[in-house]
Amino acid sequence: MSLVLARLRPLAAVLALGAVLLAAVACGSSDADAPAATGVKEVAVTIAGRQVTPPPGRVEVAKGQTVRITVTSDVADEAHVHGYDKSAHLQPGTPGTVEFVADQSGLFEVETHGAKLQLFQLMVR
Amino acid sequence: MLLAHGVGGRQDLPIPFEAALTGAILALLVSFAALGALWTEPRLGASIRYSRPLSAVFQQVASAPAWQWVWRVAGLLAAAYFCLGLLFGPDRAENPTAGVVYVLFWVGLIPLSLLFGPVWRHVNPLRTLHLLACMAVRRDPAAGPRPLPEGLGYRPAAIGLFAFVWLELVAPERVTLPVIGTWLALYAVAMLAGAALYGSHWFDRGDAFEVYSDLIGRLAPVTRRPDGAVAWRNSLDGMAGLRPAPGLTILVVVLLGSTMYDSVSNAPFWVRFVQESALPAPVTGTAGLLAVIGLVLAAYLGATALAGRLGTAPPGKTAGELAHAIVPIAVGYLVAHYFTLLLLEGQHTLALLSDPLGTGADWLGTAGWSIGTAGTTPASVAMLQVTVIVIGHVLGTVLAHDRALVLFPRRTAVVGQIPLLVLMVLYTVAGLLLLFAA
């Protein structure tokens, strides 16, 4: 058994080094992230002929910030924010709006249910 | 109420770049330590050295026929309860069926197998149905009309696993009851037909879920010894006991590749590509799934072939002999990828299970549960993800190192391992990059 332990020593050393590195990274990053949650984050999306403008990407907001999403579609549909379960009925050509406070962190898909299009991903940090 | 297109509303934030970088550096360091300084004699493998058995009381309980029947009946009852919601529940997001299949069952089997071993073979309701049918006609369940063909190996399980990950990640309307119900019915028919033809041993390597639970369960700290006693063992010995068989390589590659595709499919570049493509989404999705699995397979076959040549191993043996070393890497990635889903959607599904028919009932007393994060924060989840990926990498590297000492003559053992370590670092870094970018 002690022979096995002796052979495992280099591995243990590497793991210990890694634990220190990881701890350093974790401590370093926890100070940095706490951007001020002020103002309303406006996101506007247009859908025409199944084409989403701007193209699907990620929108980052701070936790606690108010998010107002305005969707204009050329067909009747329903816009939906996954996870927060907020929806807006969309009439052709008329903007529909969802407004909520982003109070849980994570990555949330915003999509339309009828056309099954992803509009963007909301990143709440 | 419309159905959401997938299970789970909230996804993990991408891991911070520093965490991904640290994980990658650790993977490199571990690999070099393994190459240079680890043991120089093969220690793991066929002659598994078990340490002490569990207490005598537990042995008596675990060996009793009643113990086995408790689990079989529990499996049948759980399946029957599940079928209530599947067959008679409303096809809405409040139906627990999709959550049970994709979260409690598929993801929940990972921690259960990691702790207790191949649990699914003991509760598999299809195995029990076959056993009951054989008992009714007074036939030996193990003896089918035909012998199980030697060359079949893990191929049926690999096909079943691919069919399931396709359902989970690609199939259109995959959280609706008709789609889940049709898939499960076809699967049950295929499994029972296999068992009727070849006997109950068919399930050992033919049932994708038993094989999935068995692969992961080889890392469990307990096992049933050949003499029937339940004993503690070294997880690495358990994993090294996975011997080459037809289809094994494909099986482990599908397990790793499909989880990687799940990450890719969430990346904005892939979403844009699918939505702007003229092809229907299931076609691009299927192509993407096949492409990621194909890349993982090509890297594996290339690296093991090169290792075999450099290490002067008998040709054609390295790929199968080293497949077990991929399993911990895949398990690490599965845990990193699905941990929060199990934690949050698992609670959500348990709450929904209290009312499978959508009548406002509260049969299990869980309907009013509010879903808690159990103290997890984005930072702690990221930390856990990198940690389990690195642990998977360490175990995979140690397993590959040990097997390389068996496969390669001492003269070429070090040079033969270089392609293997490059492969492991490649898989690990790819996994970390996907968690960072997707």
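1. Confidence in chain B. The mean pLDDT of chain B is 91, and 97% of its residues score at least 70. This is a predicted model, so these scores state the predictor's confidence in each residue. One stretch of chain B to read with caution is residues 1-5, where pLDDT stays under 50. The model has 12 contacts beyond four places in sequence for that stretch. The model as a whole scores ipTM 0.81 and pTM 0.90.

2. Confidence in chain A. Chain A averages a pLDDT of 79, with 70% of its residues at 70 or more. Among the elements of the chain, helix α1 (residues 2-32) of chain A has the lowest mean pLDDT, 50, while strand β4 (residues 66-73) of chain A has the highest, 95. Residues 1-7 of chain A stay under 50 and have two contacts beyond four places in sequence. Residues 25-35 of chain A also stay under 50, with 12 such contacts.

3. Overall form of chain B. Chain B has 19 helices and three strands. Its radius of gyration is 22 Å, close to the 22 Å that the globule rule gives for 438 residues, so chain B is as compact as a globular protein of that length. The C-alpha trace of chain B spans about 70 × 60 × 45 Å along its principal axes. Of the 438 residues in chain B, 44% are buried. Of the contacts in chain B between residues at least 6 apart in sequence, 82% join residues at least 24 apart.

4. Nonpolar cores. How many residues does the largest nonpolar core have? The count is 102, and the residues with the most contacts inside this core are Leu161(B), Leu251(B), Val252(B), Val254(B), Leu256(B), Ala330(B) and Leu420(B). Helix α18 (residues 378-407) of chain B gives the largest share, 14 residues. Apart from this core lies another, of 19 residues, including Leu90(A), Leu107(A), Phe108(A) and Val124(A).

5. Helix α19 of chain B. Helix α19 (residues 410-437) of chain B has 28 residues, which at 1.5 Å a residue should span 40 Å; the end C-alpha atoms are 41 Å apart, so the two values agree. The helix has a kink of about 30° at Ile418(B), shortly before the proline Pro419(B). Beyond four places in sequence, Leu420(B) is in contact with Ala303(B), Ala307(B), Leu322(B), Ala400(B) and Ala404(B).

6. Leu405(B). Is Leu405(B) buried or exposed? Leu405(B) is buried, because 21 other C-beta atoms lie within 10 Å, and the cut-off for a buried residue is 20 or more. Leu405(B) lies in helix α18 of chain B. Leu405(B) and Glu41(B) are 364 residues apart in sequence, but their C-alpha atoms are 6.6 Å apart in space. Not counting residues up to four places away, Leu405(B) touches Glu41(B), Pro42(B) and Ala413(B).

7. Helices α1 and α3 of chain B. The 21 residues of helix α1 (residues 17-37) of chain B should span 30 Å at 1.5 Å a residue, and the end C-alpha atoms are 30 Å apart, which agrees. Buried residues of α1(B) include Ala19(B), Ala20(B), Gly23(B), Ala27(B), Val30(B) and Ala34(B). Helix α3 (residues 65-88) of chain B has 24 residues and should span 34 Å; its end C-alpha atoms are 34 Å apart, which agrees. In α3(B), Gly75(B), Phe82(B), Gly85(B) and Leu86(B) are buried. The elements that cover the buried residues of α3(B) include α4 (97-105), α6 (120-123), α7 (125-136) and α9 (177-198) of chain B.

8. Met123(A). Met123(A) lies in strand β9 (residues 117-124) of chain A. It counts as partly exposed because it has 17 C-beta neighbours inside 10 Å. Beyond four places in sequence, Met123(A) is in contact with Arg58(A), Val59(A), Glu60(A), Leu107(A) and Leu13(B). Met123(A) and Lys63(A) are 60 residues apart along the chain, and their C-alpha atoms are separated by 9.2 Å.

9. Backbone points to check. Most residues other than glycine have a negative phi, and most peptide bonds are trans. A cis peptide bond joins Thr53(A) and Pro54(A), with omega about -10°. Pro54(A) lies in the loop between β2 (51-53) and β3 (58-61) of chain A. Phi of Arg138(B) is near 50°, a positive value. Arg138(B) lies in the loop between α7 and α8 (155-169) of chain B, and it is exposed, with 6 other C-beta atoms within 10 Å. Phi of Thr312(B) is near 50°, also positive. Thr312(B) lies in the loop between α15 (281-310) and α16 (318-322) of chain B, and it is partly exposed, with 15 other C-beta atoms within 10 Å.

Key
Residues numbered from 1 in each chain as written. Chains lettered and ligands numbered in written order. Predicted model: local features only at pLDDT ≥ 70, side-chain atom pairs only at ≥ 80, totals over all residues. Helix = DSSP H or I, 4+ residues; strand = E, 2+ residues; numbered from the N terminus. Rg over C-alpha atoms; globule rule 2.2 N^0.38 Å. Buried ≥ 20, exposed ≤ 12 C-beta atoms within 10 Å, placed from the backbone. Contact = placed C-beta atoms within 7 Å. Core = buried A, V, L, I, M, F, W, Y, C linked by C-beta atoms within 7 Å. Expected span 1.5 Å × (residues − 1). Bend = angle between axes of the 7 residues up to and from the residue. pLDDT = per-residue confidence, 0-100.
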